[in-house]
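Try each task before you read its solution.

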Amino acid sequence: MQSIVSVTGLGQGYGARTVISGLDLKISAGTTLGLLGPNGAGKTTLLRTLATVTPPKTGSIEILGEAITSENSARIARRSIGYLPQDFGFYPNFSVYDFVCYCAWLREVPKKRIDSEVRRAIDSVGLGRESKQKMRSLSGGMLRRAGIATAIVGSPKLILLDEPTVGLDPAQRLEFRSLVKQFEDVAVVLSTHLVEDVSAVCDEVAVMSSGSLLFYGDPGTLAADASSDQPGDSPLERGYMTALARGGAGFDR
Ligand SMILES: Nc1ncnc2c1ncn2[C@@H]1O[C@H](COP(=O)(O)OP(=O)(O)OP(=O)(O)O)[C@@H](O)[C@H]1O
């Protein structure tokens with residue numbers, strides 16, 4: 001399988017503060033990776049770094065086999081990356097169609113493919129009927145789906161989704177899961193607080209705390225590692241709590 005992301009010895013932070021240190025990660029095409037961790041674990045910081053929004057402080061990142069060493073290499077990589085930030089900005093007076101077009105244009109989707117790609121992305125998230133509606137008039141769940149459309153437009157090879165199911169109702173969450181399952185030859189990284197999302201769609205799971213990975217492997221192994229004295233409503237939840245407890249993790253520190 002083609003390697004989509006390769007991260008070695010990643011260090012990241014804000015000012016003098018280190019938030020991620022010594023992180024190694026490899027993600028192949030066809031993998032959906034669920035990123036779990038308590039508030040402040042560094043999930044958003046990692047996604048922003050993979051999205052090439054913030055250059056690493058230390059270590060290296062390769063996207064599709066190309067090292068990201070300059071703004072130019074980052075710009076080229078971004079053509080293959082779809083990124084839904086946790087709080088994405090939008091122009092309230094844009095229609096859904098215009099907003100997704102704009103994001104496709106920013107990602108340098110070839111002009112002649114933009115219209116068909118935008119329509120496909122909007123249909124995939126079930127907003128076909130709302131495509132002419134103004135962004136400001138969308139409900140929270142619709143807004144999130146419009147955001148997901150911006151992340152998948154143009155068939156990127158790496159899709160980074162920061163808490164994509166927040167605000168979705170149960171039916172929309174199920175639709176989101178079936179959308180993710182349809183991706184082929186794509187690497188998806190999904191940050192979430194919902195362990196059910198991970199068990200439903202992820203082939204790999206990473207448990208992150210204080211900027212380090214406490215566990216990386218398949219969800220079955222994390223569930224099998226669960227200690228019976230840890231709280232949780234499912235083996236995977238207990239496995240997650242066990243990984244945190246073994247790593248000495250608590251809440252945001
Ligand atoms: N712009 C910033 N400036 C300074 N510190 C920041 C900034 N953004 C995040 N941090 C800090 O970095 C750490 C990691 O934050 P991050 O948002 O990556 O965590 P997270 O795992 O995504 O959390 P959550 O689950 O709450 O979204 C936190 O301690 C946070 O306070």
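**Exercise 1: the ligand shell**

Sort the shell around the ligand by residue class, then find which residues come nearest.

Step one: by class, the shell has three nonpolar, six polar and two charged residues. Here Ala, Val, Leu, Ile, Met, Phe, Trp, Tyr, Cys and Pro count as nonpolar, Asp, Glu, Lys and Arg as charged, and the others, Gly among them, as polar. Before going on, keep in mind that this is a predicted model, where local features need pLDDT of at least 70 and side-chain atom pairs count only at pLDDT 80 or more, while totals for chains, interfaces and linings use all residues. Residues are numbered from 1 along each chain as its sequence is written.

Helices (H or I, at least four residues) and strands (E, at least two) are DSSP runs, numbered from the N terminus.

**Exercise 2: helix H1**

Decide why H1 is largely enclosed by the rest of the structure.

Start with burial: a residue is buried if 20 or more other C-beta atoms lie within 10 Å of its own, exposed if 12 or fewer, and partly exposed in between, with C-beta atoms placed from the backbone. Six of the eight residues of H1 are buried, so the helix is largely enclosed. They're Lys 43, Thr 45, Leu 46, Leu 47, Thr 49 and Leu 50.

Now look at the cover: it includes strands E1 (3–14), E2 (17–28) and E7 (158–162). Just past the helix, Thr 52 takes a positive phi of about 65°.

**Exercise 3: strand E6**

Work out which residues of E6 (residues 81–84) sit on each face, and how the strand pairs with E7.

First, the faces: Ile 81 and Tyr 83 lie on one side, Gly 82 and Leu 84 on the other, and all are buried. In a regular strand the side chains alternate between the two faces of the sheet.

Next, the pairing (at least two DSSP bridges between two strands): E6 and E7 run in the parallel sense over four bridges. Gly 82 stands opposite Ile 159 in E7.

Finally, check Leu 160: leaving aside neighbours within four places in sequence, its contacts (C-beta atoms, placed from the backbone, within 7 Å) include Leu 47, Ile 81 and Val 189.

How values were computed: Near = placed C-beta within 6 Å. Contact = placed C-beta atoms within 7 Å.
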